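Please keep the sequence and the coordinates at hand while reading.

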Amino acid sequence: MRLKMTTAEDPTNYRYSGVLAHPTSFPSPYGIGDFGKGAYDFIDFLAESGQHLWQILPMVPITSFGNSPYQGYSVFAGEPLLISPELLLKAGLLDQGDLQNIPNFDPGRVDYDRVREYKYPLYKKAFECFEKSEDSDLQKNYDEFCQKNEDWLADYCLYMALKEEQDNLPWTKWPEALRNLDKQNRAFWEEKLKMGIHYQAFLQFMFDTQWYALKKYANDKGIAIVGDIPIFVSPDGADVWANRKLFQVDTKGYPSAVAGVPPDYFSATGQKWGNPLYDWKEHKKEGYRWWIDRVKHQLDQVDYVRIDHFRGFEAYWEVPVDAETAMTGEWKKGPGADLFLAIQKELGDDLPIFAEDLGLITPEVVALRDQFNFPGMRILQFAFEGGESTFLPHQFDTRNCICYTGTHDNDTTVGWYQHTSEYARDKVRRYMNTDASSVSWDFIRICLGTVARYAIFPVQDLLKVGSDCRMNTPGTAEHNWEWRFREGELNPGMAGGLRQMTELFGR
């Protein structure tokens, strides 16, 4: 769904606003937000409050290390924990008794290990019921899903089945014959692990079924979904295992250098992410087929897509694999416009892509972004910590951008205000003509009032919560991606106030 509500006076001046909230943060009795009632309630809130955008984080199947949605076992697959048990019940794949003994989960935090222990036995029961089901429509839909997604699904399901067979070790620690499967070995393992592969495909089918029903519900209410593509992939995943030549790794899967960023706002020593780097020459040889398929797949799932670390397409920070920090890295040239021209050729000129253009942004990065008319990001929290920042609203030089109060990597606005300098707090109070007693809503009001075509704010800022509710602290490995809000916190009064403010600024 592509929204373009224009005015008669100026058909180019369409203005949208919305909320950043990952599905894991929604209320549910099952220990984690999912595609069930909490998600539908959230969409109802967006509609009632006059919003037209819902931004999410990547929905990939997360690795257990850190539980980050930016580290997944596949960039094409979906996270099974987002599958709703109540919707499996509604589909006739679970019985009411299966949902009787729900553990006493913390409604404000996701304990991923406990949630896995609870949810996966339910999924196994649902799969067993699916196997016995005589519902011909369900089976037909499953077959169509598998056929449509065969290009990535076969590799992913085999990878996950092999991973379970190998006690969840990363593939670089598997026996040589599994690291580098030939046709004969692959046929053997596909037969041996047939049920495990089928189970993984079932999980992806249920994820797909539930997600597209939710997306349709949102689109029918005039709400477009902004997805998120991490620029890099996890070293422990089907993407590298099945497409070795597209990455800078040896035959055993080990890289000589990895991805990261130099010292910046978030870390004085930079960030060594550890992701394998792309072999862009190989991608070019294949006409960037893998990337085209990736973007197309995402744009089937969502309406707009934000590409994380966009600057890495112009130049990326290469860190030696044995370096202790990212400080010793160096810049290497990326594919630049060549990649996006190939994507345009296949998917059309008007690509609904948002560019995450934060960090050390050079004129070359700006030129790449603007060549394809991708909106960049303006973060209000960054606007008040120095001099005359380009993130201050009166310095915005284009409508074609997204104004954020903050992102998932920032502190909440309340937390930021509490911990920033007195200089910044004073500047906020004078700039916004406020006593800052409701500072996150002051930021939302300013965000809505900018010339930016898109205005987006994290749900935490609506709720006026502090630092203990931030989603992620970059450079730290623990206790991220866990925050949830509680049922009823997004109430009708809040929806009414947000609608009035949104309409005031023509969004």
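Two strands are said to pair if DSSP finds at least two bridges between them. Strands (E, at least two residues) are DSSP runs, numbered from the N terminus. The model is predicted, so to speak of local features requires pLDDT of at least 70, and side-chain atom pairs count only at pLDDT 80 or more, while totals for chains, interfaces and linings use all residues. Residues are numbered from 1 along each chain as its sequence is written, and side-chain values use heavy atoms, with hydrogens and water left out.

**The sheet**

An open sheet is formed by 8 strands with parallel pairing, in the order S9-S6-S3-S2-S1-S12-S11-S10. Strands S9 (353-355) and S10 (376-379) are at the edges with a single partner strand each, so one side of each has no neighbour in the sheet. From one strand to the next the twist averages 25 degrees, an angle between N-to-C directions, on a scale from 0 to 180 degrees, of lines fitted to C-alpha atoms.

Within this order, S11 (residues 401-404) pairs with S12 (residues 454-458) in the parallel sense over 3 bridges. Cys-403 is opposite Ala-455 in S12.

**The cysteines**

A disulfide is a pair of cysteine sulfur atoms within 2.5 Å; the structure holds 0 disulfides. Cys-129 is in none, with the nearest cysteine sulfur 17 Å away in Cys-146. For Cys-469, the closest cysteine sulfur is too far for a bond, as the table shows.

Key
Helix = DSSP H or I, 4+ residues; strand = E, 2+ residues; numbered from the N terminus.
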